Amino acid sequence: MAVPRPLWHNIWWSSAGWRTHARLRGSDHPGTTVRAGTVRTMSGQLFDDAPATPASLGPGVAADRSRPSTVPAGMPLAARLRPRNLDEYVGQLDALGPGKPLRAMLDQGELRSLLLWGPPGVGKTSLATVIAAHVDASWTELSAVTAGVKDVRRIVDEGRGRLELRGRRTVLFVDEIHRFNKSQQDALLPGVEAGWVTLIGATTENPFFELNPPLLSRCQLVRLQTLTDEDLRVLLQRAVADPERGFGGRVALADDAVAHLVHVGDGDARAALTALEIAAAAAGVTRPGSDGPSAELSLADVADAMQRFRYDKASDHHYDIVSAFIKSLRGSDPDAAVYWLLRMLEGGEDPRFVARRMVIFASEDVGLADRQALPLAVAAFDALDKVGLPEARYALTHAAIALAVAPKSNSVTRAIGAGLEAVRRHGNAAVPPHLRDAHYRGARTLGHGVGYDYPHDHPSGFAPGQRYLPDELGGSRLYEPSRHGHEAAVADRVASLRQQARGRPADSDTRPGDEPT
């Protein structure tokens with residue numbers, strides 16, 4: 001059946017490249033994609049009005065629409081291999097497996113607004129496109145990076161008109177939806193609430209932190225997991241074997257090369273397929289299809305194409321690795337600490353960020369249990385500034401190992417918590433008169449400084465019985481030392497001082513002037 005064309009189809013060349021503009025009354029062409037206010041028509045692609053026959057789709061596919069066999073020149077391998085129907089979709093069985101609520105809903109032709117949350121390269125965009133095709137809906141796409149409120153409202157209005165005039169649903173796909181600000185998210189609410197558009201948002205960020213509660217409550221959250229090793233193997237095999245979208249058997253992968261792509265792809269299909277494409281191009285295989293040169297790719301070939309481990313500094317994955325590093329330090333595991341540290345550095349993490357975290361850790365989790373922890377962490381930070389990477393890896397690793405094996409104490413952290421609570425409750429407590437400034441004329445007549453006992457007037461350097469906290473906090477203990485490492489001696493010292501502060505004699509084996517060793 002002939003592919004329907006849009007009512008108006010104008011193409012012009014600009015400095016940004018080819019752009020296609022379609023003026024559509026009601027924008028009812030089902031292959032219309034909108035990015036940042038520019039309407040782009042994908043004629044003859046995923047969502048043409050003429051339905052594909054079930055026979056053309058293969059067994060087990062319920063009236064899905066397929067992508068055309070023609071592959072646009074220059075399309076990346078990962079984009080070429082996007083699934084054409086749900087049966088081609090790889091992975092995410094927890095969300096789409098037989099009997100799962102989402103799959104059952106789709107097989108019944110139903111669809112509600114969805115939020116697809118998962119790390120990069122796990123199939124969020126692919127799932128959105130096949131879902132829209134599976135339920136026979138018009139497809140419109142917005143980029144959250146550049147679209148504005150005006151674009152959102154226009155698409156909602158067009159979806160309303162399409163539904164009322166033709167009874168046809170509109171799927172609005174918003175990539176990187178967490179980048180929408182509050183007003184942009186609010187502009188979606190009327191259309192989603194009334195059903196004029198069915199929203200499918202994709203995000204790598206935690207939607208509970210990034211999206212407005214009203215929008216979040218109107219969408220079904222679908223958590224997509226990192227792809228398994230077997231999922232990546234299936235996609236790599238499809239890439240080398242597919243006669244139209246892949247390399248048509250012209251690329252052979254050694255077993256260790258496949259294992260390396262799977263391992264370093266780390267659950268990211270786009271990363272693994274892009275590395276395969278780069279390795280194939282370096283060997284002379286640059287076009288899809290079964291015609292042309294062939295190549296055998298070794299481990300060395302694909303390792304060259306994956307020169308850096310995947311590490312996304314802007315996603316939850318970044319915070320997960322940082323968390324693993326800190327917990328390894330806190331858990332006194334130097335081996336794990338070194339691994340996570342170097343994984344961050346090799347992945348391109350800002351080394352100053354890592355150094356800052358170790359300086360914080362030295363006080364937060366080691367404290368006085370090892371009096372050299374904080375100076376060592378600061379010295380590593382200073383060494384980083386002076387010598388830079390890669391040589392500063394020595395200082396950073398040195399500090400990480402030292403912090404991992406150091407005795408641990410969170411007494412500083414607990415003192416901060418207790419102190420802040422005291423400030424919240426008694427933040428306006430008066431300064432005791434004997435502690436007030438007495439260096440100006442007339443201060444003594446006000447009673448300022450009267451009764452202050454100068455500690456250095458005592459042989460021990462300590463003034464027994466003198467109080468320093470406000471009256472409301474008299475007797476409060478904000479610092480409770482542990483008995484770990486160096487802090488055991490500190491604990492003895494503090495106990496002795498507190499005894500004398502209450503006017504009691506110190507224990508015979510601990511004098512107020514003694515310093516902990």
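**Helix 15**

Modeller: In helix 15, Ala 336, Ala 337, Leu 341, Met 344 and Leu 345 are buried. Bear in mind that this is a predicted model.

Biologist: How do you know that the reach of helix 15 is close to the expected one?

Modeller: Helix 15 runs over residues 334-346, which is 13 residues. At 1.5 Å a residue, 18 Å is expected, and helix 15 reaches 18 Å from its first C-alpha to its last.

Biologist: What is found at the start of helix 15?

Modeller: A side-chain oxygen of Asp 333 comes within 3.1 Å of the backbone nitrogen of Asp 335. The cut-off for a polar contact is 3.5 Å. Just after helix 15, Gly 348 has a positive phi of about 100 degrees.

Biologist: Why is Leu 221 called partly exposed?

Modeller: Its relative accessibility is 31%. Buried needs under 20% and exposed needs over 50%, so a value in between is partly exposed. Leu 221 lies in strand 9. With Phe 208 and Phe 209, Leu 221 makes a nonpolar surface patch of about 360 Å².

Biologist: Which residues are buried in helix 10?

Modeller: Asp 231, Leu 232, Leu 235, Leu 236, Ala 239 and Val 240. Their arc around the axis is only 165 degrees, so they sit on the same side of helix 10.

Definitions and conventions. Residues numbered from 1 in each chain as written. Predicted model: local features only at pLDDT ≥ 70, side-chain atom pairs only at ≥ 80, totals over all residues. Heavy atoms only, no water. Helix = DSSP H or I, 4+ residues; strand = E, 2+ residues; numbered from the N terminus. Expected span 1.5 Å × (residues − 1). Buried < 20%, exposed > 50% of the residue type's maximum accessible area, 1.4 Å probe, protein only. Polar contact = N/O pair within 3.5 Å; in protein donor to acceptor, adjacent residues only side chain to side chain. Patch = residues over 30% accessible without salt bridge, like charges linked within 9 Å, V, L, I, M, F, W, Y side chains within 5 Å. Areas by Shrake-Rupley, 256 points an atom, 1.4 Å probe, with all protein chains shown as cover. Salt bridge = Lys/Arg side-chain N within 4 Å of Asp/Glu carboxyl O. Arc of directions from axis to C-beta.
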